[in-house]
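I set out to record what I looked up in this structure, one topic at a time.

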Amino acid sequence: MLDSVSAILNALASGDASARQITERSLDAIAQTDPKINAVTHVAAEAALATADDVDRRRAAGQPLGALAGVPIAIKDLICTTDMPTTCASRMLRDFVPPYDATVIRKLRDADAVLIGKTNMDEFAMGASNETSAYGPTRNPWNHDRIPGGSSGGSAATVAAGQVPASLGSDTGGSIRQPASHCGITGLKPTYGRVSRYGLVAFASSLDQIGPMAWSAEDVALLLETIAGYEPRDSTSLDTPVPEYSKAIQSADLRGIKIGVLRDGLEQDGLDESVRKSVTEAMQVFIDLGAEIVDVQLPHSQYWVPTYYVIAPCEASSNLSRYDGAHYGHRSDADIDPADGPLLSMYRHSRQEGFGSEVKRRIMIGTYALSTGYYDAYYNKALKVRRLIRGDYDAAFQQADLLLGPTAPTSAFALGDKLDDPIQMYLCDLYTVGANLAGIPAISIPAGLDDSGLPIGVQLQAPALEESRLLFAAAAFQSQTQFHQLRPGKP
Amino acid sequence: MPQYETIIGLEVHVQLKTDSKLFCGCSTQFGAPPNSQVCPVCLGMPGALPVMNRQAITLAVKAGLALNCNIPPMTKWDRKQYFYPDLPKGYQISQYDLPICADGFLDIDDPASEGDTRRIGLIRAHLEEDAGKSQHDEASGRQDSRIDLNRCGTPLLEIVSQPDMRSSAEAKNYLTELKLLLTHLEVSDCEMQEGSLRVDANINLHLDVDGKKIATPIVEVKNMNSFRAVERALDYEAERQYAHWEETGQTIKDAPKTTRGWDDSREQTFAQREKEESADYRYFPDPDLLPVRLPRSFIDQVRDTIQETPAQARDRLQTQHGLSAYDADVIVNQGAAMLGYFETVADVSGDPKRASSWIQQDVLRTLKEQETSIEEFPIPAKRLGELLGRVRSGDLDNNRARDVFAYLIDNDSDVDSACTALGIEAVDSGEIESLCQKLLDDNPQVVQDVRGGKQQAVGRLIGQAKKVNPNANPQQVRETLLKLING
Ligand SMILES: [Zn+2]
């Protein structure tokens with residue numbers, strides 16, 4: 001199958017395929033499958049083919065090429081690109097074409113990757129099902145009646161549907177790992193600061209992180225190697241060298257590695273039996289690979305979701321103030337309300353019309369939690385709990401090298417199932433938000449199928465900057481299992 | 001009529017003299033075409049991120065140290081949220097609960113008692129980014145407004161005083177001394193016309209009514225564009241508040257703080273439209289910027305760059321150069337450039353007092369006439385020093401020196417060439433002696449008078465000597481005449 005990054009790189013290197021052929025194949029796949037799944041919001045066919053031709057020309061001339069030369073990659077539509085719109089799947093930014101490239105885009109261009117287009121997402125990355133997009137929902141390639149997960153659902157579905165071998169997503173509370181789990185692919189949320197956020201349209205600045213999505217740990221490692229690294233234009237960027245992730249994974253020996261399992265997490269209400277089974281089976285695979293399983297506690301895990309749903313909306317309410325109709329975003333033509341006057345009226349109508357209901361809900365929650373009199377009760381308290389959560393992880397990583405558990409409580413649910421129940425929707429992030437609050441890296445890897453043939457992912461977490469360890473363990477798992485090679489049939 | 005005391009606190013925004021904006025590399029130069037000095041960061045474009053300007057931190061710490069403030073080991077950035085057309089992000093990056101400088105003071109001249117000082121407490125000084133500028137084009141009957149975002153992200157230091165001032169004259173002295181200090185340290189240019197120094201004043205009255213203290217509601221006066229305006233606005237506002245109290249009896253307990261503007265042409269303050277609800281800025285730490293650690297070593301390094309404050313300079317001019325307190329004041333208050341100019345003139349001439357008086361009279365008068373600054377003054381300090389050195393040694397008299405001074409202002413020439421051009425030559429003592437002998441021979445009466453004890457009689461001959469030879473030094477002529485008469 002020519003659907004993995006490494007296979008494509010091999011085919012290009014050996015001359016079995018040209019970058020133009022690979023790119024055309026990708027564009028054809030989008031044309032065929034996207035009317036059904038709605039994973040892609042913008043296709044940059046011309047620019048992609050031009051890049052591919054350039055790569056072919058330079059390869060023929062024996063000129064040096066970047067690490068991802070000729071590999072089609074799709075980009076979540078909240079990462080700034082100069083030659084494609086960046087809409088955050090919001091009516092607010094429908095026509096926005098940034099005048100600058102995000103750092104990750106610049107790095108991908110430098111690596112001669114073929115940027116094929118932008119992917120659908122929950123509006124401003126707020127959601128767990130990809131249903132809040134102004135472009136309409138994305139559908140899961142494994143079953144079109146199911147959601148792909150969110151908010152990087154388009155980035156997960158575009159890979160799962162065979163449109164591209166890899167994509168970039170962003171993960172604020174699980175937005176890469178959860179859709180990766182639902183779509184049967186591998187998705188990595190790097191350490192906070194490992195990948196520059198410059199050019200990532202902010203949802204919750206202290207939690208957001210860009211990460212790669214592809215079929216295998218090997219492919220994810222190749223992408224991370226390209227996009228990671230220090231960026232002086234991002235104050236939160238970490239100034240430490242980038243390891244050669246793709247080399248770190250070339251071994252399947254986990255002897256001496258301790259994998260911690262959160263028993264309480266496996267007893268949790270709402271955890272689907274099939275997910276529990278996949279985690280248990282994954283534990284056995286790791287034991288067979290030589291790892292030792294130990295029990296660990298994360299005593300404050302019950303506060304992860306409430307803490308997250310205070311901090312993220314607070315930051316979001318502030319980050320989204322710039323979409324006021326005067327500077328950025330949709331401007332309303334509605335008549336002036338005499339009581340408000342022209343300016344306030346314009347602000348109100350523009351935001352009213354431009355934002356969807358989930359975004360409005362979170363802006364309201366955040367505005368409330370930051371307001372005088374509530375700041376200490378909510379935001380300040382959440383910051384304190386966040387510190388405790390980090391402490392839990394520090395303690396757990398004294399006992400274990402990695403933590404293993406579910407990525408999402410269930411496999412992909414049906415479209416519309418939780419749309420009217422925000423609390424149920426928020427609980428989809430139950431297992432993933434801890435890593436964002438602590439700033440540590442985490443990966444979701446395919447680990448089974450449920451009775452209806454939908455993929456199930458398990459999650460590995462590691463201490464800060466230990467992406468190599470995560471990718472190494474994930475690759476070892478994938479050397480012993482076939483789940484990452486399963487492809488959706490005819491849904 | 002009850003006695004009252006005026007209570008004044010000032011909030012001064014100064015633009016820091018950095019090469020670039022607070023969180024990006026854009027220029028902060030004044031007067032550029034609208035929206036020509038902007039980038040994704042200062043425009044708050046989606047996805048852009050701020051990065052702290054180290055120079056701004058350094059300048060803020062320098063100002064804080066000179067203002068006797070505490071510099072905490074850690075400071076952080078907060079977001080202040082409000083919607084306004086010239087605020088692109090919908091929030092301003094500022095400092096809320098951990099300002100970079102806290103608890104300082106500034107000593108100022110007491111306007112009520114010459115020679116005494118008043119100590120004005122400072123609550124804090126914090127860094128923040130400036131917003132843009134809106135221009136409302138209502139005059140032409142059009143509805144549109146224009147927004148210039150060049151100022152967005154310009155680094156400001158907001159210096160907040162305690163309500164320690166008791167009169168508009170104190171407020172003016174405070175502002176003058178603050179401006180002098182900040183320009184002296186090259187922390188800010190403090191150009192009010194360019195908006196690099198802006199003042200808001202909080203004012204109310206404490207009345208003594210039948211032995212009971214009553215405070216009037218606090219008013220914040222904004223939009224004053226000169227120190228003179230601040231003075232007049234505060235005087236106006238004190239009277240207005242008193243009249244208002246007489247009329248309504250309203251005290252601080254009855255009315256919240258209000259905001260008023262200053263109309264310079266009509267010389268009165270006016271009520272600004274009240275906000276319907278009191279502002280809730282929803283401050284919270286900016287997650288895009290890490291807290292700033294200020295190690296002791298860094299603060300010490302900055303302290304080492306503070307050569308001297310204006311107050312220290314005044315002391316030094318008195319002790320080291322022997323100037324009077326008044327003279328030291330005049331020179332230091334002209335600013336750092338003038339102080340430097342004076343010191344060179346004093347050193348080169350070897351005569352600080354003469355340097356001081358020439359600068360106060362001749363130099364300042366010329367600057368005023370030519371409407372220029374000491375930086376643009378045509379006579380370099382070294383050259384003026386040389387000229388005054390010749391006066392000191394007696395080679396030139398004051399009148400001839402003034403001729404040379406005038407010549408040097410109009411011509412870029414050294415002192416020697418100026419003297420040559422003006423026909424001023426050194427006259428050797430033999431020549432003076434024969435000239436004097438001839439004058440005495442022609443005026444025996446003078447000789448008699450002097451011998452009779454009337455020394456001042458030689459005065460008549462000095463004038464005549466200058467007529468014969470304009471280069472003759474009057475002092476030298478006098479001495480020679482007396483020597484010849486007395487043998
Ligand atoms: Zn800028």
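**Entry 1: the model.** I noted at the outset that this is a predicted model.

**Entry 2: the zinc ion.** Which protein atoms are the donors of the zinc ion? I found the SG atoms of B:C24, B:C26, B:C39 and B:C42, lying 2.2 to 2.4 Å from the ion. In sequence I read the spacing of these donor residues as C-x1-C-x12-C-x2-C. I then looked up where two of them lie: B:C26 and B:C42 are each in the loop between strand 1 (3–15) and helix 1 (54–66) of chain B, so this pair ties together parts that are 16 residues apart in sequence.

I next asked what arrangement the four donor atoms form. They subtend angles of 101 to 114 degrees around the zinc ion, and the arrangement is therefore tetrahedral. For reference, I wrote down that the ideal angle for four tetrahedral donors is 109.5 degrees.

**Entry 3: the contact between the chains.** How many residues does each chain give to the contact? I recorded 32 residues from chain B and 36 residues from chain A. Between them the two chains bury about 2800 Å², and 58% of this is on carbon and sulfur atoms.

I listed 16 residue pairs in polar contact between chain B and chain A. On the side of chain B that touches chain A, the elements giving two or more residues are strand 3 (78–81) and strand 15 (284–285) of chain B. I sorted the residues of that side into 22 nonpolar, four polar and six charged.

The count of salt bridges between the two chains is one. I identified a salt bridge of A:R197 with B:D288, whose closest N and O atoms are 3.2 Å apart.

**Entry 4: salt bridges over all chains.** I noted a total of 56 salt bridges in the structure. One that I looked up joins the side chains of A:E231 and A:R106, at 3.4 Å from N to O. A:E231 lies in the loop between helix 7 (217–227) and helix 8 (245–248) of chain A, while A:R106 is in helix 4 (residues 103–110) of chain A, so the pair ties together parts that are 125 residues apart in sequence.

**Entry 5: backbone geometry.** I reminded myself that most peptide bonds are trans and that most residues other than glycine have a negative phi. The peptide bond from A:G150 to A:S151 is cis, with omega near 0 degrees. A:S151 belongs to the loop between strand 3 (114–119) and helix 5 (153–160) of chain A.

Is phi of B:N35 positive or negative? I found a positive value, near 60 degrees, in this residue other than glycine. B:N35 lies in the loop between strand 1 and helix 1 of chain B.

Note on methods. Residues numbered from 1 in each chain as written. Chains lettered and ligands numbered in written order. Predicted model: local features only at pLDDT ≥ 70, side-chain atom pairs only at ≥ 80, totals over all residues. Heavy atoms only, no water. Contact = heavy atoms within 4.5 Å. Buried area = accessible area lost by both parts, 1.4 Å probe. Salt bridge = Lys/Arg side-chain N within 4 Å of Asp/Glu carboxyl O. Polar contact = N/O pair within 3.5 Å; in protein donor to acceptor, adjacent residues only side chain to side chain. Helix = DSSP H or I, 4+ residues; strand = E, 2+ residues; numbered from the N terminus. Nonpolar A, V, L, I, M, F, W, Y, C, P; charged D, E, K, R; others polar. Donors = N, O, S within 2.8 Å, 3.2 Å for Na, K, Ca; no water. Tetrahedral: all angles 85-135°; square planar, octahedral: opposite > 155°, others 65-115°.
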